[in-house]
Amino acid sequence: MTTATLTRTSGRRRDVGALTGVLYALFFVASLVVIGTLGPSGTVTPYSSDAEVQAYRLKDPAKLEDLFRVLGLLQGASALALLAFVPWLTAFVRRCGSDTRADVVRALATVAGTLLLLSASISWVLARIGSRAQLSTYRAVSDLSFITGAGPAMAALGVAVFLVAATGRASHALPAWVAWSGMVIGAAGVLSMSSLVAEGGSVFIPIGRFLGFAWFGALSVVLWRRGGGADDLTGSGTPRHR
């Protein structure tokens, strides 16, 4: 690398857009805090019995409807932040890996963000139907929100995270702990898909999601500290591996 290149790199203006990965985590964590403060006590899952779901949704219908509205807002904002971060993921992999791998990362991360946005939108639907809908209808809509926001979304994002981390490890473009932890988190995200066929598979969802938040925050800060926009990351200066 020439002296001129070093000068240009050190003089790059940091782009706050790279911090959208942090926003993805912060908005979703905020939604979890809201669940703890606004939501009725207890939790239900698609594997809960009809009696458990009915008791939960009738415990405090007005509070539950308010909860779903706020969840739709915060988790929708989280999904949009993830979609906004996709160009930085893609550019990093294209610069340090290959065009083919970058295209796969872009497609999978976009699918994950879109599914999360769909799940957030369904939360608004749950707020509308509330305790007035039949239990079977309520469960169908609730399960759809779970399916779109959990297993498939986490699996798609898990593959993308694994590819980004593996690229960073192979090219030495990421700190070792970020690269290795990303590969583990990505694998957990893929395994969360098993929650669609077995209740035990649900354990991989919080592993991939919550540890993934920390990983996205770390990666976002790394890319931000390097400076430049998403287009700048695709420039020359680092060998590409095909």
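Me: In which helix is Ser123 placed, and what makes this residue count as buried?

Reply: Ser123 is placed in helix H5, residues 99-129. Helices are DSSP runs of H or I with at least four residues, strands are runs of E with at least two, and both are numbered from the N terminus. Buried means under 20% relative accessible area, exposed means over 50%, and partly exposed lies in between, with a 1.4 Å probe and protein chains only. The relative accessible area of Ser123 is 4%, which is under 20%, and therefore Ser123 is called buried.

Me: What should I know about the origin of these values?

Reply: The model is predicted: local features need pLDDT of at least 70, side-chain atom pairs count only at pLDDT 80 or more, and totals for chains, interfaces and linings use all residues. Residues are numbered from 1 along each chain as its sequence is written, and side-chain values use heavy atoms, with hydrogens and water left out.

Me: Which residues does Ser123 touch, leaving out those up to four places away in sequence?

Reply: They are Phe68, Gly72 and Ser145. Contact means heavy atoms within 4.5 Å.

Me: Why is Ser78 called buried, and which residues is Ser78 in contact with beyond four places in sequence?

Reply: Ser78 lies in helix H4. Its relative accessible area is 1%, so the term buried applies. Its contacts beyond four places in sequence are Tyr24, Phe27 and Phe28.

Me: What makes Phe28 and Phe213 an aromatic pair, and why is the pair called tilted?

Reply: Rings of Phe, Tyr and Trp (its six-membered ring) pair if their centres lie within 6.5 Å; planes under 30 degrees apart count as stacked, over 60 as edge-to-face and the rest as tilted. The centres of Phe28 and Phe213 are 5.3 Å apart and their planes are at 45°, so they form a tilted pair. Phe28 lies in helix H2 (residues 20-38) and Phe213 in helix H9, so the pair ties together parts 185 residues apart in sequence. Both Phe28 and Phe213 are buried.

Me: Why is the pair of Trp215 and Phe216 given another name, edge-to-face?

Reply: Their ring centres are also 5.3 Å apart, but the planes stand at 90°, so this pair is edge-to-face. Trp215 and Phe216 are both buried. The count of aromatic pairs comes to 6. Ring pairs link Tyr24, Phe28, Phe85, Phe210, Phe213, Trp215 and Phe216 into a cluster.

Me: How do you know that the buried residues of H3 line one face of the helix?

Reply: In helix H3 (residues 50-59), the buried residues are Val53, Tyr56 and Arg57. Seen down the axis, they fall within an arc of 90°, so they line one face; the arc is that of the directions from the helix axis to the C-beta atoms. An α-helix has 3.6 residues a turn, so residues three or four places apart point the same way. The buried residues of H3 pack against helix H4 (61-96) and helix H6 (135-149).

Me: What places Arg57 over the face of Tyr138?

Reply: A charge sits over a ring if NZ of Lys or CZ of Arg is within 6 Å of the ring centre and within 35 degrees of the ring normal. Arg57 lies over the face of Tyr138, at 5.0 Å from the ring centre.
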